[in-house]
Amino acid sequence: MKTPKLKAVKTAVHIVEKSLINPYNPIVVNLIGAGGTGSQFLTALARINHSLIALNHPGLAVRVFDDDKVEEANLGRQLFSTAELGLHKAVALVNRINLFFGTNWKAVPEKYDLKTLQDEPELAMAEITISCVDTVKARFEIADMLTKIYTSRRHSYHHPLYWMDFGNSKDIGQCILSTIAEITQPASRKFEVVSRLPLVTEEFKELLKQSEKGDHTPSCSLAEALTQQDLFINSALANLGASLLWQMFREGMLTNRGFFLNLKDFRTQPIKVTPIEDKKVKVLKPKRLKTETPKAA
């Protein structure tokens with residue numbers, strides 16, 4: 001009797017859209033939110049841009065969307081100084097980055113919403129969208145807008161391809177990378193290629209709705225803000241998320257599409273690239289998510 005051959009299990013991977021790896025022009029990035037995580041992540045984007053250019057890549061062209069102004073409660077936890085009090089967060093951050101790195105990035109001191117994009121449709125055109133927002137409603141709106149933009153303008157240059165979303169509560173958080181639609185994948189005998197990474201609003205819809213029950217009242221002081229979010233949760237998330245983005249550009253292939261972070265226990269759990277039909281991705285939720293669902297960025 002012949003022993004049946006065991007079928008080899010292939011590693012699931014996502015091959016990054018080739019136009020990001022070898023582009024003719026800088027990759028356009030829309031960063032939505034310039035608060036705790038957004039202010040930290042913008043600096044990481046500037047470092048990525050500088051390094052890409054050194055490697056003969058055209059680099060990044062970044063826009064920062066945020067209609068908030070710098071308040072005293074933001075100092076310390078977010079990357080702002082007393083000299084920037086009263087300025088729009090997006091303007092303060094982008095001016096500083098442009099002066100330090102010699103870039104020509106743009107600040108949009110408005111909300112990333114339907115009205116803003118209708119007034120200036122070109123603002124919607126970015127290959128990568130990064131959201132660091134503090135409400136679930138904003139996430140669902142972003143998902144809806146990106147899907148509609150892709151559907152109507154997918155043949156335009158700089159149309160949406162990837163969405164990276166950050167969220168956190170006091171000392172836990174997550175970063176999840178999604179594709180707006182399917183990304184054409186090359187044939188592979190070695191790997192199981194995955195063309196679509198599900199939207200965070202689809203995969204974790206119920207968790208997001210539960211997390212909206214929290215209190216999102218702005219803090220009046222740094223001391224009050226620190227009771228809601230740990231001092232280093234945002235910078236920890238931003239650095240890990242930047243490593244994922246850097247891996248996209250440097251390796252062009254992903255086995256992980258995000259992570260859960262528990263800063264209190266110093267524990268990080270990767271979210272693996274998984275075929276859409278495989279529901280095993282649910283086991284990747286950290287234990288504490290049931291009681292402390294990531295909410296804001």
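Predicted model: local features only at pLDDT ≥ 70, side-chain atom pairs only at ≥ 80, totals over all residues.
Phe-166 counts as buried, at 0% relative accessibility (buried means under 20% relative accessible area, exposed over 50%, and partly exposed in between, with a 1.4 Å probe and protein chains only). Residues are numbered from 1 along each chain as its sequence is written, and side-chain values use heavy atoms, with hydrogens and water left out.

**Aromatic pairs**

- The structure has four aromatic pairs (rings of Phe, Tyr and Trp, the last by its six-membered ring, pair if their centres lie within 6.5 Å; planes under 30 degrees apart are stacked, over 60 edge-to-face, and the rest tilted).
- One of them is Phe-41 with Phe-166, a tilted pair at 5.2 Å centre to centre and 55° between the planes.
- Phe-41 sits in helix 2 (residues 36-54) and Phe-166 in strand 6 (residues 162-168), so this pair ties together parts that are 125 residues apart in sequence (helices, H or I with at least four residues, and strands, E with at least two, are DSSP runs numbered from the N terminus).
- Phe-204 and Phe-260 make an edge-to-face pair, with 6.1 Å between centres and 85° between planes.
- Phe-204 is in the loop between helix 6 (200-203) and helix 7 (205-211), while Phe-260 is in strand 10 (residues 256-262), so here the linked parts are 56 residues apart in sequence.
- Both Phe-204 and Phe-260 are buried.

**Nonpolar cores**

- The largest nonpolar core has 52 residues, and Phe-41, Leu-42, Leu-45, Leu-60, Ile-130 and Leu-245 touch the most other members (a core is a set of buried Ala, Val, Leu, Ile, Met, Phe, Trp, Tyr and Cys residues joined through side-chain atoms within 4.5 Å).
- Helix 9 (residues 233-251) gives this core its largest share, nine residues.
- There's a second, separate core of 28 residues, with Leu-117, Met-145, Ala-181 and Leu-207 among its members.
- Leaving out residues up to four places away in sequence, Ile-130 touches Val-29, Asn-30, Leu-31, Ile-32, Phe-41, Leu-45, Met-164, Phe-166 and Leu-245 (contact means heavy atoms within 4.5 Å).

**Strand 10 and its partners**

- Six of the seven residues of strand 10 are buried, so the rest of the structure largely encloses this strand.
- Strand 10 pairs antiparallel with strand 7 (residues 172-179) over five bridges (two strands pair if DSSP finds at least two bridges between them).
- Strand 10 also runs antiparallel to strand 11 (residues 267-272), joined by six bridges.
- Leu-261 of strand 10 is the bridge partner of Gly-173, and in strand 11 the bridge partner of Leu-261 is Thr-268.
- The hairpin of strands 10 and 11 has four residues between the strands, and Phe-266 takes a positive phi near 55° there.

**The 8-1-9 sheet**

- Three strands make an open sheet in the order 8-1-9, with mixed pairing.
- Strand 8 (191-193) and strand 9 (253-254) are the edge strands, each pairing on one side only.
- Strand 1 (residues 11-15) and strand 8 run parallel, joined by three bridges, and Ala-12 stands opposite Glu-192 of strand 8.

**Cysteines**

- The disulfide count is zero (a disulfide is a pair of cysteine sulfur atoms within 2.5 Å).
- The sulfur of Cys-132 has its closest cysteine sulfur in Cys-175, 8.6 Å away, which is too far for a bond.
- Cys-132 is buried at 5% relative accessibility, and Cys-175 is buried at 0%.

**Asp-67**

- Asp-67 is in the loop between strand 3 (60-65) and helix 3 (89-101), and is partly exposed at 32% relative accessibility.
- The C-alpha atoms of Asp-67 and Lys-111 are 5.5 Å apart, though the two residues are 44 apart along the chain.
- Not counting residues up to four places away in sequence, Asp-67 touches His-88, Pro-109, Glu-110 and Lys-111.

**Overall numbers**

- The protein has nine helices and eleven strands, and 51% of its 297 residues are buried.
- Of the contacts with a separation of 6 or more, 70% are between residues 24 or more positions apart.
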